[in-house]
Amino acid sequence: MEEKEKKGSFLNGGNGRLKPRIEQKKVKKRVCEELEVLWDDGYGTKTVKDYLIAAEEMIKPDGGPPRWFCPVECGQPINDSPLLLFLPGLDGVGMGLILHHKALGKVFKVQCLHIPVQDRTPFEELVKLVEEAIRLEHAYRPNTPIYLVGDSFGGCLALAVAARNPTIDLVLILANPATSFGRSQLQPLFPILEAFPDGLHVTIPYLLSLVMGEPVKMATVGIEGRLSPLQKIEQLSGNLTALLPLLSGMANIIPKETLVWKLKLLKTASAYTNSRLHAIKAEVLVLASDKDNMLPSRDEAQRLMNSLSNCKVRRFKDNGHTLLLEDSLNLLTIIKGTCKYRHSKKHDFIADFVPPSMSEFKYAFDEVAGYIRFASGSAMFSTMEDGKIVQGLAGVPNEGPVLLVGYHMLMGLELSCLIEAFLREKKIMVRGIAHPELFWGKLQSSSNEFAFSDWVKVMGALPVTANYLFKSLIGLKLWVHCPPL
């Protein structure tokens, strides 16, 4: 420990800086005090096109081993942010979170694993590499969780590390984990690839793109949801036209010899991990695509949920294997909506709350709650200091404390309209009490899709407890009280 105090932690220097740092005691602030409401999370500004361009730069041979790096877009995180390690899929580049870098970089110290194209490090050595990183961080901050985001092959890697380190507080986010590789569509490719002529290898990237991802979902990233159908089609057509020529670069990212090696590595990783599932004590969230043509991810998610002691599943019915590079939801939104973001042993709905971003605000009230707003036909009125009633919220003080009390006027459905109005007019976050069934009961698990009950948490809902009511009343500007049934 004396030696560690001299050197500091090499994974805790903030985003983009792998340098020693000595721990300094600071007064902890809540996340909501450091991030303003409707902040810019950057979602939609990067696409799979940016991934392919970045990958072309990163695959240039340098003779180095697998190593950690932090994308520039992640920027500087807020104080006391937990560490997030990204473990890549078949490509090994480490840029698979490019759509989510800016958002994740606000609340996590992000480090990505890069495995060079020509590298042939066996699976167990990669496990040790990740294991060394988490043990170093755990020694430095033993009471803070460590996040492992594993994409496909990286999912096997994350599970294997968790099985070998059951005493470390790990949160695993697995996107279509390759633990089902034994039942994969790629199994017949082994003998074909080894006999495939080198001159025809350039056709494989196009075949892989059809198997691994949904091109339309990739091209849909960044298209504004409020556009007319004709405008959406025009933008989608342009994005597809720009994307298809870049797929030829996959031949450089995954050349023939590397692809054969990666498939063998996947087989080893799947077998190694499946034999150790019983030892995993970590908190696990599995993100599964229903249209995964590479792996039976939907069935595998159910198997993992039944096999692991602390596992949740969220399904995405229109996505393919490359879920994190396709148009679906911001990964941070998913983490927030499933109550996985925390700074200590247990999630705190007050201290760990991350205010909604502008992209979340638009999606939540256009795509999720739009029908409720239309059906309720809500109108907002407020009273000025002179007693005059005006339409809108001009009569509500900008400075709290303000208590808004409602009692099932529309069975709580009007709450979404109320929150939307305060965010739109005053950029003030109103937090409401919600029924415990949405957090711990059957409603939150009846459908494995990311649905309304998850969005309720993203937009600030709290379970009904005396403790949370007290914390909110002394710490927040605005509070809504809707008693449970």
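## A first look at this chain

Of the chain's 485 residues, 55% count as buried (under 20% relative accessible area; exposed means over 50%, and partly exposed lies in between, with a 1.4 Å probe and protein chains only). The model is predicted, so local features need pLDDT of at least 70 and side-chain atom pairs count only at pLDDT 80 or more, while totals for chains, interfaces and linings use all residues. Residues are numbered from 1 along each chain as its sequence is written, and side-chain values use heavy atoms, leaving out hydrogens and water.

**The overall picture**

- The chain has 20 helices and 13 strands (DSSP runs numbered from the N terminus: H or I of at least four residues for helices, E of at least two for strands).
- Among contacts (heavy atoms within 4.5 Å) between residues at least 6 apart in sequence, 81% join residues at least 24 apart.
- The accessible surface of the chain is about 21,800 Å², and 57% of that belongs to carbon and sulfur atoms (Shrake-Rupley method, 1.4 Å probe; for residues, only the protein chains shown count as cover).

**Salt bridges**

- Side chains of opposite charge can pair when their charged atoms come close.
- The structure holds 21 salt bridges, each a side-chain nitrogen of Lys or Arg within 4 Å of a carboxyl oxygen of Asp or Glu.
- Arginine 342 pairs with aspartate 169, with the closest N and O atoms 2.8 Å apart. Arginine 342 lies in the loop between helix 14 (331–337) and helix 15 (358–368), and aspartate 169 in the loop between helix 6 (153–164) and strand 5 (170–175), so the pair ties together parts that are 173 residues apart in sequence. Both arginine 342 and aspartate 169 are buried.
- Arginine 141 and glutamate 137 form another salt bridge, at 3.2 Å between the closest N and O atoms; arginine 141 and glutamate 137 are both buried.
- Arginine 424 and glutamate 425 meet in a salt bridge at 4.0 Å, N to O. Arginine 424 is partly exposed at 49% relative accessible area, and glutamate 425 is partly exposed at 39%.
- Salt bridges with shared partners link Asp169, Glu283, Lys340 and Arg342 into one network.

- Helix 5 (residues 123–140) and helix 12 (residues 256–274) pack at about 65 degrees, their axes 10 Å apart (axes are lines fitted to C-alpha atoms, for helices over the stretch in contact; angles run from 0 to 180 degrees between N-to-C directions).
- In helix 5, Phe123, Glu124 and Leu126 meet Leu265, Thr268, Ala269, Tyr272 and Thr273 of helix 12.
- The residues of this contact divide into five nonpolar, two polar and one charged (Ala, Val, Leu, Ile, Met, Phe, Trp, Tyr, Cys and Pro are nonpolar; Asp, Glu, Lys and Arg are charged; the others, Gly among them, are polar).
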